[in-house]
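Visitor: I'm new to this one. Could you take me on a close look at the aromatic rings and then follow the story to whatever lies beyond them?

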Amino acid sequence: GGGGGGGPSLAAHGNYVVESARHSVLYVDVLKAASTTVKRMLKATINASHRWTDVDNSTCPPNFVKTTSNCWTAGFMREAFDLRFTFVRDPVSLFESGVRQAWAMRPSYVGGNRAALFPTADAVLDAQLARYDELRNAAANSSSRMTISSSRPDLLLKAPPPRGNSTAGSAAWSDYTNYGNRGLWLNEHLQPALWRLAGGVTADDVPMTEIVNWVGRTEQMAQLWPEVTGYILESVAAHNGANKAARLHERFIALGHRNSRAGDAAARGTDPSILTADAVRRMCESDLFRAEWHCLGYQLPPECQ
């Protein structure tokens with residue numbers, strides 16, 4: 001999607017996935033959109049993890065630690081996995097949750113034993129937008145492989161190096177992922193859903209937006225969770241027996257997860273992890289985030305209407 005005349009920086013990259021060919025399930029990870037809940041369920045029910053795969057992984061990028069979308073082609077994914085699902089979340093709520101995660105991972109962002117680098121969500125947002133502008137401007141003035149698309153100058157694009165198992169290939173891929181993926185982001189938990197779903201690609205460069213066939217919103221997770229777990233537990237029953245599926249059903253079918261902006265208005269101005277109204281407007285107007293609402297089907301926040 002590209003509503004609002006712009007879109008996020010979509011340097012093509014591999015996105016984290018969890019798969020089980022035996023159970024024909026592929027989960028595309030969107031961090032801070034119930035991803036921990038989903039991954040715990042997949043591990044407990046079908047023993048699936050992003051650090052493990054039950055299909056050929058020889059096409060994965062060299063030295064991979066987590067299974068990523070660019071391990072396999074689009075055709076393979078569509079044939080191997082009947083359910084290809086993900087969850088998304090209100091863009092502001094997702095970003096604010098990412099801020100809290102970034103603070104937990106990097107205490108220096110909010111102080112610790114030294115002056116805080118980013119003491120508020122507004123400061124994190126402004127630093128993130130400045131990082132994007134810095135890299136976009138550098139790309140526009142550089143002859144390096146980081147280039148600006150002539151047809152979409154608002155998108156920051158970078159062609160990945162050739163994959164391979166050579167030392168040079170591994171170094172090139174490491175440089176690409178560090179700069180093109182993590183280099184843009186102060187913390188990966190600040191990455192919006194479109195970065196993961198539209199920027200995340202298969203081995204033949206098909207966006208994961210064209211691979212997923214089931215997308216749920218975390219705001220509706222209580223209603224949607226039984227649909228996902230029901231599909232998986234049917235497969236467990238077929239492969240491991242009805243008794244195991246029944247035990248897992250009791251444990252997971254009612255497990256819900258709620259992410260919303262309810263209560264944020266009261267905290268706005270008092271909770272430093274909540275964006276101020278002015279910051280929400282800056283987020284809506286930014287090239288980096290403004291396509292999120294249109295492409296994911298969310299209404300713009302009241303601050304931006």
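Guide: Let's start with a charge and a ring: arginine 217 lies over the face of tyrosine 298, at 4.3 Å from the ring centre. That label applies when NZ of Lys or CZ of Arg is within 6 Å of the ring centre and within 35 degrees of the ring normal. Lysine 66 does likewise with tyrosine 16, at 4.6 Å from the ring centre.

A quick word on ground rules: this is a predicted model, where local features need pLDDT of at least 70 and side-chain atom pairs count only at pLDDT 80 or more, while totals for chains, interfaces and linings use all residues. Residues are numbered from 1 along each chain as its sequence is written, and side-chain values use heavy atoms, with hydrogens and water left out.

Now for rings meeting rings. The whole structure holds 10 aromatic pairs. Rings of Phe, Tyr and Trp (its six-membered ring) pair if their centres lie within 6.5 Å, and the planes make them stacked (under 30 degrees), edge-to-face (over 60) or tilted (the rest). Take phenylalanine 85 and phenylalanine 87: their planes stand at 90 degrees with the centres 6.5 Å apart, so this pair is edge-to-face. Phenylalanine 85 is buried, at 0% relative accessible area, and phenylalanine 87 is buried with 0% too. (Buried means under 20% relative accessible area, exposed over 50%, partly exposed in between, using a 1.4 Å probe and protein chains only.)

Phenylalanine 85 has another edge-to-face partner in tryptophan 214, at 6.3 Å centre to centre and 80 degrees between the planes. Phenylalanine 85 sits in strand β3 (residues 83-88) and tryptophan 214 in strand β6 (residues 214-217), so the pair ties together parts 129 residues apart in sequence. Strands (E, at least two residues) and helices (H or I, at least four) are DSSP runs, numbered from the N terminus. Tryptophan 214 is buried as well, at 15%. Put together, ring pairs link Tyr27, Phe85, Phe87 and Trp214 into a cluster.

Serine 235 itself has 11% relative accessibility, so it counts as buried. Its side chain makes a polar contact of 2.5 Å with that of histidine 23. Such a contact is a pair of N or O atoms within 3.5 Å; within protein, one must be able to donate a hydrogen and the other to accept it, and residues adjacent in sequence count only if both atoms are side-chain atoms. Just after α7, glycine 241 takes a positive phi of about 100 degrees.

One last stop: there are two disulfides in the whole structure, each a pair of cysteine sulfur atoms within 2.5 Å. Cysteine 60 and cysteine 71 make one, with sulfurs 2.0 Å apart, and both of these cysteines are buried. Its S-S torsion is about 115 degrees, so it is right-handed. Cysteine 284 and cysteine 304 form a disulfide too, again at 2.0 Å; here the torsion is about 85 degrees, so this disulfide is right-handed.
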